[in-house]
Amino acid sequence: MVSRVIPVESFDLVIFGGTGDLARRKILPGLFRRYRAGQMGAEARIIGAARSEMESAAYREFVRAAVDEFHPATAGDAAHIDGFLARIEYVTLDARGETGWSDLAALLRDDVVRAFYFSVGPALFGDLAERLHTHQIASPDCRIVVEKPFGRDMQTARALNRTLAQHFEETQIYRIDHYLGKETVQNLMAIRFGNMLFEPLWNSQYVDHIQITVAEQVGVGGRGDYYDRAGAMRDMLQNHMMQLLCLIAMEPPAKFAPDAVRDEKLKVIRALDPVAREDVVRGQYEGTGDKNSDRIEVGNRDSTTESFVAMRARISNWRWAATPFYLRTGKRLRDRASEIAVVFKDAPHSIFGAKSGHHRNILTIKLQPNEGIELGVTIKEPGPGGMRLVDVPLDMTFAEALGPEEADFPDAYERLIMDVIRGNQTLFMRGDEVEAAWGWVDPIIAEWSETGEPPLPYATGSSGPDDALMLMHRDGRRWREIRA
Ligand code: NAD
């Protein structure tokens, strides 16, 4: 199949926090892959900016090491790396002071797209926004990319939106949620809105319920300080999982364009019912003896931060009024696996009799560890001996049909960064969306702190607290077995 990579000719991309963990693990290796794919034109440039004192030459070696470590090498990479590094510069700069800003201003060119990736803690967003203006670095059509966490409740998200709005138009602000950059998440939209087959069935009449699971095996690791202030609700549910829920539940937008898509997502959030207390389960993993590696003590009695949350959500609109959405996410669970399962209703009558068993169609959108989409269909078990039914998965990823080149999907970050350069906000969250999402989870978090009830303990390597199983069982349903 012919490659459809369209080069983006000229841009200056500044990565504030260019020496940080995110830049090293995701942004820089992702950019290398785009370079290698031929997507960076001759005039593309990447400028790392951070507090560390460093020359550009040393930063290039830092970038080389990051690419070596986090980009699984493929044949031909060595030939590309020097070309990539030739586009890299570095500026020592202080977001909170005046050091380095004139050096950055001197490096930037006038006639190219300017993008500024704020890969620093959110406390610095306001400083960066302000200095980009006072030093006249922000051009009228420049873009800024901001990382999560975007606030820790509606009030702080609103304050952050206001701060950014003092210096930038909404059309210049790219709030990143890397889940939206996943190939399969976009494929979900293609499958929903590019086919006649699914949309007529995509409602309460045919869909029994929907499960969204993001299960991790790891604990909080080195992010303990941040995680203890966030917890699973703020770290995962308010952003990534709610975004997935929106894409599954939204009405078809009139076109695949930024505000058309984001308007529909916002309508879903606004149609979510407040969550009843009995519809949420909050858990915390019990220690395994290696807690020292977690820095903070999630998992011991000093912390009341949840590392697991499960809930039943309801969307009060015509399409979904009778279809519950079950969401669960947690750390130190048995498997690492993330998926969305659309569980269709039973056929109204089985002509094959009771012995043929219980069968349901399930559309599974797998996000981790391997991306893919499967439709479970019921067929006759081959062979003689009567009509025995069996469920088999139809693989809808079509990697083979599309060829190996197409199956080498870009990582979410690389796709999203290129969207920033192209000026396409469709896969980025709008300010009102983020605030509305906080507006939905804030009362749940507030109730936890009012009651002071600690999270329920669960064993490392389990599927979470038993109460999370009960959340489904009491509705006559069960969580799907999650297998990596
Ligand atoms: P980090 O602590 O590893 O890096 C922070 C970077 O900011 C460093 O380059 C540091 O030099 C720079 N910096 C700090 N203070 C500065 C100042 N005053 N002036 C200029 N530069 C300064 O952080 P990180 O893990 O790379 O995270 C960056 C952002 O991305 C955070 O908002 C984080 O929440 C978010 N994020 C990170 C991850 C991840 O996997 N690391 C995932 C999702 C979101």
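Guide: A salt bridge is a side-chain nitrogen of Lys or Arg within 4 Å of a carboxyl oxygen of Asp or Glu. This is a predicted model, where local features need pLDDT of at least 70, side-chain atom pairs count only at pLDDT 80 or more, and totals for chains, interfaces and linings use all residues. Residues are numbered from 1 along each chain as its sequence is written, and side-chain values use heavy atoms, leaving out hydrogens and water.

Visitor: What makes Arg-34 and Glu-414 a salt bridge?

Guide: Their side chains meet at 3.0 Å, N to O. The cut-off is 4 Å, so the pair qualifies. Across the interface of domain 1 and domain 2 the rule finds three salt bridges.

Visitor: Which elements give two or more residues to the side of domain 1 that touches domain 2?

Guide: Strand 1 (8-16), helix 1 (21-36), strand 4 (113-118) and strand 5 (143-146) do. Helices (H or I, at least four residues) and strands (E, at least two) are DSSP runs, numbered from the N terminus. Helix 1 gives the largest share, eight residues.

Visitor: Why is Arg-45 called buried?

Guide: Buried means under 20% relative accessible area, exposed over 50%, partly exposed in between (1.4 Å probe, protein chains only). Arg-45 has 16% relative accessibility, so Arg-45 counts as buried. Arg-45 is found in strand 2 (residues 40-50).

Visitor: What makes the Arg-45 and Asp-12 side chains a polar contact?

Guide: A polar contact is a pair of N or O atoms within 3.5 Å; within protein, one must be able to donate a hydrogen and the other to accept it, and residues adjacent in sequence count only if both atoms are side-chain atoms. The Arg-45 and Asp-12 side chains come to 3.3 Å, so the pair passes.
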